[in-house]
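Hello,

Here is the structure for your files. My notes follow below it.

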Amino acid sequence: MRVLIVYAGRTGTTEKAAHMLADCFDDASLRNLMETDANPDRAYDAVIIGSSVRNGLIEPKVRKWLVRNEAYLTGVRKGVFLCHAFMTESHKIIEENFPDAFIRDCEAIDSFGGELHYERMKISDRMALKRLVRMHPETRTMVPCLVTDSITEFAEKMKI
């Protein structure tokens, strides 16, 4: 199965998750939208889109890529994964960032969790995160991490 995994993130967690996911397939191509345009230049059996989440929004480069490649994605097996620490918000984030028809057409949709790399964050992102933690005190005890079981289960859904 030939799989294209396109992704975008700012601190490296989404890239790490994309590589872990690619390891689950025999023939996976990775395209980091932060570095390249990632035009689908060959036939793929499936396309997986991954994005980090900031303030409830997926990466703008992912949004633009989806719009530019809407025709290509029609009829192709698709999956979407998010990387963010607040996994209980995943359903809402998916609904608010992707068209209903696109979501219904996906084979797999999941959140892989997230990691917090303060040293790689912009100051504005660090400040927003601090405000979020103040608003939700329960997050102070949260240990953000990638959920490897979710990555494996996602890959299995895409293979069926």
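Asparagine 55 sits in the loop between strand 3 (46–54) and strand 4 (57–58); helices (H or I, at least four residues) and strands (E, at least two) are DSSP runs, numbered from the N terminus. Its phi is near 55°, a positive value in a residue other than glycine. Most residues other than glycine have a negative phi. Asparagine 55 counts as exposed, at 67% relative accessibility (buried is under 20% relative accessible area, exposed over 50%, partly exposed in between; 1.4 Å probe, protein chains only).

This is a predicted model: local features need pLDDT of at least 70, side-chain atom pairs count only at pLDDT 80 or more, and totals for chains, interfaces and linings use all residues. Residues are numbered from 1 along each chain as its sequence is written, and side-chain values use heavy atoms, with hydrogens and water left out.

Salt bridges next. The structure holds four (a side-chain nitrogen of Lys or Arg within 4 Å of a carboxyl oxygen of Asp or Glu). Arginine 10 and glutamate 59 form one of them, at 3.1 Å, N to O. Arginine 10 lies in the loop between strand 1 (2–8) and helix 1 (13–22), and glutamate 59 in the loop between strand 4 and helix 2 (60–68), so the pair ties together parts 49 residues apart in sequence. Glutamate 59 is buried, at 3%. Arginine 10 is partly exposed, at 34%.

Glutamate 107 and arginine 77 also meet in a salt bridge, at 3.5 Å, N to O. Glutamate 107 is in strand 6 (residues 106–111) and arginine 77 in strand 5 (residues 77–83), 30 residues apart.

Best regards
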